[in-house]
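Visitor: I'd like a close look at one part of this protein, the sheet. Could you walk me through how it is put together and what packs around it?

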Amino acid sequence: MSEQTIGASFEQQFPVESQHLASQVGSGSIDVLGTPTVIAWMEGTAAALVQPLLEEGCTTVGSQVHVEHLAPTVEGDMVTVRAALTAAEGRVYTFSLEAADSAGCIAKGTHQRVSVKSDRFLEKARQRRDAANG
């Protein structure tokens, strides 16, 4: 990981559709963008930013997320999510996150992802399940 990579950012846009609303994702009863959807978009944007930096066969998994959902967004609006890499120590990547709709900032936060070997990680998860189920 080079020092030039710190500060790199990536941005994605997402249309707010009915399946993204709090009333549909189980996080509330109002037809506004659900917090779980915002968080998923933020995590996905951070993952997309760091994926090209990883060795083949590796990916990242989320380990921490701290998000403030500051303003409501209605169906039909567009949300822009931006992730910026703020630190990289060993296998741990830290990001600052922002999401905005047509009226301005709707959410902000920080996020950590850990680089893992995809096959090994999945196998350990299966072993964990199998051990729990006898």
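Guide: Let's start with the parts list: the protein chain has three helices and five strands, where helices (H or I, at least four residues) and strands (E, at least two) are DSSP runs numbered from the N terminus. Starting at the N terminus, the order is β-α-α-β-β-β-β-α. Keep in mind that this is a predicted model, in which local features need pLDDT of at least 70 and side-chain atom pairs count only at pLDDT 80 or more, while totals for chains, interfaces and linings use all residues. Residues are numbered from 1 along each chain as its sequence is written, and side-chain values use heavy atoms, with hydrogens and water left out.

Now the sheet itself. The five strands make an open, antiparallel sheet in the order β1-β3-β4-β5-β2; two strands pair if DSSP finds at least two bridges between them. At the edges sit β1 (9-15) and β2 (58-69), each pairing on one side only. From one strand to the next, the twist averages 25°; angles like this run from 0 to 180 degrees between N-to-C directions, with axes fitted as lines to C-alpha atoms, for helices over the stretch in contact.

Seven bridges hold β1 and β3 together in the antiparallel sense, and along the way glutamine 13 stands opposite threonine 80 in β3. Next, β3 and β4 run antiparallel, joined by nine bridges, with glutamate 89 partnered by valine 92 in β4. The hairpin of these two strands has two residues between them, and glycine 90 there takes a positive phi near 65°. Moving on, β4 pairs with β5 over ten antiparallel bridges, among which threonine 94 has glutamine 112 in β5 as its partner. Those two strands are also joined by a hairpin, through two residues. Finally, eleven bridges tie β2 to β5 (residues 104-117), again antiparallel. In that pairing, glutamate 68 partners lysine 108 of β5, and cysteine 58 partners lysine 117 of β5.

What packs on it? Helix α2 (residues 35-50) lies across β1, β2, β3 (78-89), β4 (92-101) and β5, at about 140° to β1; contact here means heavy atoms within 4.5 Å. Helix α3 (residues 118-132) lies across β2 and β5, at about 90° to β5.

A search of the whole structure finds one aromatic pair. The rings of phenylalanine 14 and tryptophan 41 have their centres 4.6 Å apart and their planes at 5°, so the pair is stacked. (Rings of Phe, Tyr and Trp, the last by its six-membered ring, pair if their centres lie within 6.5 Å; planes under 30 degrees apart count as stacked, over 60 as edge-to-face and the rest as tilted.) Phenylalanine 14 belongs to strand β1 and tryptophan 41 to helix α2, 27 residues apart, which links distant parts of the chain.

Over by α3, β5 and α3 each supply at least two residues of the lining of the largest pocket. Residues lining this pocket include Cys58, Lys117 and Phe121. (A pocket is an open set of points on a 1 Å grid over the protein atoms alone, where a 1.4 Å probe fits, with protein on both sides within 12 Å along at least five of seven lines; lining residues have an atom within 4 Å of a point.)
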